[in-house]
Amino acid sequence: MQVDVAIIGAGPTGLMLAHELRLAGVSVAVLERSTERSSQSKALNLQPRTAEVLDMRGLLDSLLERSFGNIADGHFAALPEPLRYGGWRTRHDHQVGIAQTDTERALEAAVAEVVRRGRELTGLDQGPDEVTVQLADGEEVTARWLVAADGGRSTVRKLLGTPFDGRDARTCAVVADITLASGAETLPSEFRSMRAFTGTVETWTPLYPIGGGKYRIMLIGERQQRAAKDDPVTEEEIREGLAAVHGDQVTLGELLIGSRFTDANRQVRNYREGRVFYAGDAAHIHLPAGGQGLNLGVQDAVNLGWKLAAVLRGEAPETLLDSYHAERHPVGARVLQNTRAQGILIGLARDPDGTALRETFTTLMEFPEVNRYLAGMVSGLDIRYPSDCGHELAGQRLIDYDLADGGRTFERMRSGEWVALTAQEAPKLEAEAVLVRPDGYVHWAGERAGLEAALATRFGSVPVTT
Ligand SMILES: Cc1cc2nc3c(=O)[nH]c(=O)nc-3n(C[C@H](O)[C@H](O)[C@H](O)COP(=O)(O)OP(=O)(O)OC[C@H]3O[C@@H](n4cnc5c(N)ncnc54)[C@H](O)[C@@H]3O)c2cc1C
């Protein structure tokens, strides 16, 4: 098989990237080793920025059909003061509650014709013009570019020996989806606020409804800390965790699926190795605190997609591809940093003096500016890419303005192409004109007369170094 881009892994990152490349008319294959989608309990949310990106592409509705409802706010380190998104001028000022399997199902439906399941990458060779992939079944796939979206234990990363800087896990916890035999009436019936998730810190054992009579539970007690990541999660362990907090009031019905996760914190040193790029968990792993990993991966994909397409279509020089590392590595590093901070604050929940620090932090989060800062960081709404254009809007995400013709700016982004917009069309635009990149970030803003020049030089003026 020969394609322009081979994507390894059909998780949310690989599927979103496939969507972006298909939209641009690039030939692509998503090679996924599993024959079926995993039902493992992982992400349960879309952060506001991810909802915006999916809205820009017209994909959001298919995910909302599978959502178990909106979650009005977010959390930082499971502190009781919720994060509020209202200060970020977004129509999606909440999280979308949706199980990761459902997010993947919706994304896969959009690119089904290019997803090849049961195809495991076992080897690869990079030449000057192409990458050759060896699959476990003996087939070879040749591609101009390869994207490793093969998750935290990335085979590509190991085969290439790419440095994965950071530290190993220091703590381990359990996540499981269960049904209850009794006690449901003592719990919130809907998961509408992170307040349902934060609870009493001394006995922090989140248990919240995720639709269809199912509950998500997390255990972070001493027993979990001692366990190895691959130790199976047992019904007895869940029962013990429930009893520690709820006594005999809430009891286990069925353990549907359970696994362990850790706070290992690592990031690939270079997001690009020749003709290979890393995206999603293949590029960064961290404690899943605040609900950021899936969202980060989807946005890696949306950043890389249009750049690969522009180079493959002969519109942009290959150097444009270096801006992927320049833009996304710092974003990933920031998530690694904030999840480390959250890990410490969560760990302090059971320490008598640590609770004093948590209370102090909670008080700080009541200040609107602090709350807005943390909400912007965890949601991805505050991302601002480096820009050579001096205008205040440059590098920031385009706001979904109402247009004079009755539409909205995000509807203009459906095609995945660059969009030029004037204040005549969008009366609330804070510039005479803007040029917006396919991923929804303002490339240039200024006077109407400068638009043609900005369009003509657009690829040459994306900074490629941090
Ligand atoms: C307990 C837990 C809770 C989480 N909660 C949240 C949350 O609330 N919000 C959030 O945003 N994120 C959350 N995350 C993180 C989120 O699940 C990950 O960040 C996300 O799955 C990353 O997507 P990905 O596509 O990059 O990688 P993955 O989802 O890991 O997908 C990688 C794919 O590559 C395939 N693959 C691997 N090796 C090969 C190979 N050699 N050949 C072919 N295919 C291969 C795998 O089978 C897999 O399908 C959570 C994670 C955990 C563990």
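1. In the class counts used here, Ala, Val, Leu, Ile, Met, Phe, Trp, Tyr, Cys and Pro are nonpolar, Asp, Glu, Lys and Arg are charged, and the others, Gly among them, are polar. On that basis the shell around the ligand holds 11 nonpolar, 14 polar and seven charged residues.

2. The model is predicted: local features need pLDDT of at least 70, side-chain atom pairs count only at pLDDT 80 or more, and totals for chains, interfaces and linings use all residues. Residues are numbered from 1 along each chain as its sequence is written, and side-chain values use heavy atoms, with hydrogens and water left out.

3. The ligand is surrounded by 32 residues, a residue being near if one of its heavy atoms lies within 4 Å. The closest are Glu32, Asn45, Gln100, Asp281 and Asn295.

4. An N or O atom in the side chain of Asn45 is 2.6 Å from a nitrogen atom of the ligand. An oxygen atom of the ligand lies 3.5 Å from a polar side-chain atom of Ser34.

5. The most comes from α9, with three residues. Helices (H or I, at least four residues) and strands (E, at least two) are DSSP runs, numbered from the N terminus.

6. Strands β19, β20 and β21 form an open sheet in that order, with antiparallel pairing; two strands pair if DSSP finds at least two bridges between them. β19 (419-422) and β21 (442-446) are the edge strands, each with a single partner, so one side of each has no neighbour in the sheet. Strand β20 (residues 433-436) pairs with β21 over four bridges, and Ala433 stands opposite Gly446 in β21.

7. The count of aromatic pairs is nine, where rings of Phe, Tyr and Trp (its six-membered ring) pair if their centres lie within 6.5 Å; planes under 30 degrees apart count as stacked, over 60 as edge-to-face and the rest as tilted. The rings of Trp145 and Phe277 have centres 5.8 Å apart and planes at 50°, so this pair is tilted. The pair links distant parts of the chain, with Trp145 in strand β9 (residues 140-148) and Phe277 in strand β17 (residues 276-278), 132 residues apart.

Note on methods: A polar contact is a pair of N or O atoms within 3.5 Å; within protein, one must be able to donate a hydrogen and the other to accept it, and residues adjacent in sequence count only if both atoms are side-chain atoms.
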